[in-house]
Amino acid sequence: MFKKVLEYAGEYRKTIYASMAVMLIGIVMNVLPFLFLYQLIEPLLLHRNVDVWYVAWRALAIGICGVLYALFYVKGLALSHQAAYKTLKNLRSSLQGKLERQPLGTIQEKGVGTLKKMFIDDIDSIELLLAHALPEGLSNVAVPLFVFIAMFFADWKLALLSLCALPLGLIAMGAMYKAGTSKMGAYYASAQKMNNTIVEYINGMEVVKVFNRDGESYKRFEQDVRGYRDFTLAWYKVCWPWMALYNSILPCLALFTLPIGAYLVLSGASTLPDLALVLCMSFGAGAPLLRALSFMSTLPQINYKITALEQLMNAPALEQKENPFSGKDHSISFENVRFAYKEEEVLHGISLTVPEGSLTALVGESGSGKSTLAKLLVHYYDVTGGSIQVGGQDLRDMSVEALNDRISYVSQEQFLFNMSLLENIRLGKPDATDKEVLAAAEKAQCGEFLARLPQGIHTMAGDGGKQLSGGERQRISLARAILKDAPIVVLDEATAFMDPENEEKMNAAIAEIIKGKTVIVIAHRLHSIVSADQICVLNNGRIAGIGRHETLLENCPEYAKLWQAAEGSAAWGITANAALEGGDIQ
């Protein structure tokens, strides 16, 4: 396990080793005073006279050792923390790089709470291993080891007595680890569940208030928080008795040495000075030994967290190569495409060709696979069967960057960063001038609401774009796509948040933007796509029909059903008087 962590330390391994060496010297300085103490006790035991300087020099040495211990130990901790935080930086960077190569859908499935816990909480907890367990733990183990060896040179019988306390303490520690590890999985699962619930509770606060679901939502929030509390207390409850036991036994190396050693001295098997020496060394080794073993309690947790991080980092990466785009044109071909969310297949052998410069509409009931097909085109996921090609080149044979340069994707929900609207739009083309950004905003019909904002296009979007309405955020997102000017455009319900007046303006703007481009439109409002070059009707992950509007009305019952529903919804309405008088809905 140490090897895995040290791999991320990179060039800072030397700093970790230096911290261990410095800390080892510090611990030695903390043990040496007991040797000087023995030198003060020995003359008393042997009734030997010593001068005042003999006592003064050893007392001074004890004081100097105390100062040196503090200096070396603090310096060792400073070096270990410096190396630890550099290593955490490398670990986060490595994790970020691996996540960026995974399918975006896979990342989102993990949930914000889980990712936050892994990126922040779990990685921060590894700091304990790097800054303390490695340098402090190993250094504190080394010193008692040398002390025990010295004890055997002094008196092997008394040394064995000093070791007798260790098995009892280690048995208690082992019992604590065994009991604690059995509950560790449930503890971490409850922590992840609580994190996800808290994030969901905060993000959904508006819906909760509007629909008066405070009690129900808070009940779930409270249950998960209580669940985490109960798992934590249950974990500690089984560990506490054993923890108290080994904390009492392990530092008390004189537990057997003092009574039995005294008997050996009285019987003549050992000498009184040797007993005093071994006792002094026992007192000096007890504290470092307990401190070293105290870090053992972190090892099961650290191992669990590192394993979880490795599982996250080792998830299958998105299939791609570093090749540039080399397709002959910008036509799109879906060839027997299959896709499954986990174990459930949702697309069953989709084959569809979108000619360059054409407009293809994907229609169907909710859950039919329209958005999934569009996300596969932008390599949101890897297909589980078949292939998707742009200009004859498989998506997996080019880099995601090369693909993204060719496609502008505008989905129903678009995220705005908490920076100016100008910079949010400029994300579509980072080297664009302010003039180009403003022109794109005008084409996306943003001018009207930008004029109302106090700082115009320089207004901050707020967290997630909360300063704007849903329709305004959608137009900013469309402005990004306009500025990008990619040869392929995918519009996934791009007018979903538009009122009728603004939708008409948006449709006019979109009609100008998509000229000469290969366009795929996903729409529930069929009236907006009747003039499409081809319409692909999806039903339960399969193609029910492909053709123009008129042809599908005659030959595709599924499309005719959708059109009939669209016609009915267009005629649906409520008159104010009828609503007030309890009249009919029409």
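Colleague: What is the relative accessibility of E345, and what does it count as?

Modeller: E345 has 31% relative accessibility and therefore counts as partly exposed, where buried means under 20% relative accessible area, exposed means over 50%, and partly exposed is in between, with a 1.4 Å probe and protein chains only. Bear in mind that this is a predicted model, in which local features need pLDDT of at least 70 and side-chain atom pairs count only at pLDDT 80 or more, while totals for chains, interfaces and linings use all residues. Residues are numbered from 1 along each chain as its sequence is written, and side-chain values use heavy atoms, with hydrogens and water left out.

Colleague: Which residue forms a salt bridge with E345?

Modeller: The partner is R338, and the closest N and O atoms of the pair are 3.0 Å apart; a salt bridge here is a side-chain nitrogen of Lys or Arg within 4 Å of a carboxyl oxygen of Asp or Glu. R338 counts as partly exposed too, at 32% relative accessibility.

Colleague: How many salt bridges does the count come to?

Modeller: The count by that rule is 13. One of them joins the side chains of D124 and R92, at 2.8 Å from N to O. Because D124 lies in helix α5 (residues 112-154) and R92 in helix α3, that pair ties together parts that are 32 residues apart in sequence. D124 is partly exposed with a relative accessible area of 36%, and R92 is partly exposed at 26%. Helices are DSSP runs of H or I with at least four residues, strands are runs of E with at least two, and both are numbered from the N terminus.

Colleague: Which residues are linked in a network of salt bridges?

Modeller: E423, R426 and D434 are linked in that way. Within it, E423 and R426 have their closest N and O atoms 3.1 Å apart, and both lie in helix α16 (residues 421-426), three residues apart, or about one turn of the helix. E423 is partly exposed, with a relative accessible area of 32%, whereas R426 counts as buried at 13%.

Colleague: Changing topic, why is β3 largely enclosed by the rest of the structure?

Modeller: Strand β3 (residues 359-364) is described that way because six of its six residues are buried. L359, A361 and V363 point one way from β3, while T360, L362 and G364 point the other way.

Colleague: And which strand does β3 pair with over five bridges?

Modeller: That is strand β9 (residues 534-539), paired with β3 in the parallel sense, with V363 standing opposite V537. β3 also runs parallel to strand β8 (residues 518-522), joined by four bridges, and there T360 has I520 as its bridge partner. Two strands are taken to pair if DSSP finds at least two bridges between them.

Colleague: How many residues of β4 are buried?

Modeller: Five of the six residues in strand β4 (residues 385-390) are buried, so I would call the strand mostly covered. β4 runs antiparallel to strand β1 (residues 332-341), with five bridges between them, and antiparallel to strand β5 (residues 393-394), with two bridges. Q389 of β4 takes part on both sides, standing opposite S333 and opposite D394 in β5. β4 and β5 form a hairpin with two residues between them, and G391 in the turn has a positive phi of about 65°.

Colleague: What about α6, which of its residues are buried?

Modeller: In helix α6 (residues 156-163) the buried residues are L158, A159, L161 and S162. Seen down the axis of α6, they fall within an arc of 160°, so they line one face of the helix; the arc is that of the directions from the helix axis to the C-beta atoms.

Colleague: Which residue caps the N-terminal end of α6?

Modeller: D155 does, with a side-chain oxygen 3.0 Å from the backbone nitrogen of K157.

Colleague: Last one, which residues form a nonpolar patch on the surface?

Modeller: V52, W53, W57, L60 and I64 do, with about 590 Å² of accessible area together, computed by the Shrake-Rupley method with a 1.4 Å probe, where for residues only the protein chains shown count as cover. Patches are made of residues with over 30% relative accessible area and no salt bridge, joining like charges within 9 Å and nonpolar side chains (Val, Leu, Ile, Met, Phe, Trp, Tyr) within 5 Å. V52 is found in helix α3 (residues 52-100), and V52 counts as exposed at 61% relative accessibility.

Note on methods. Polar contact = N/O pair within 3.5 Å; in protein donor to acceptor, adjacent residues only side chain to side chain.
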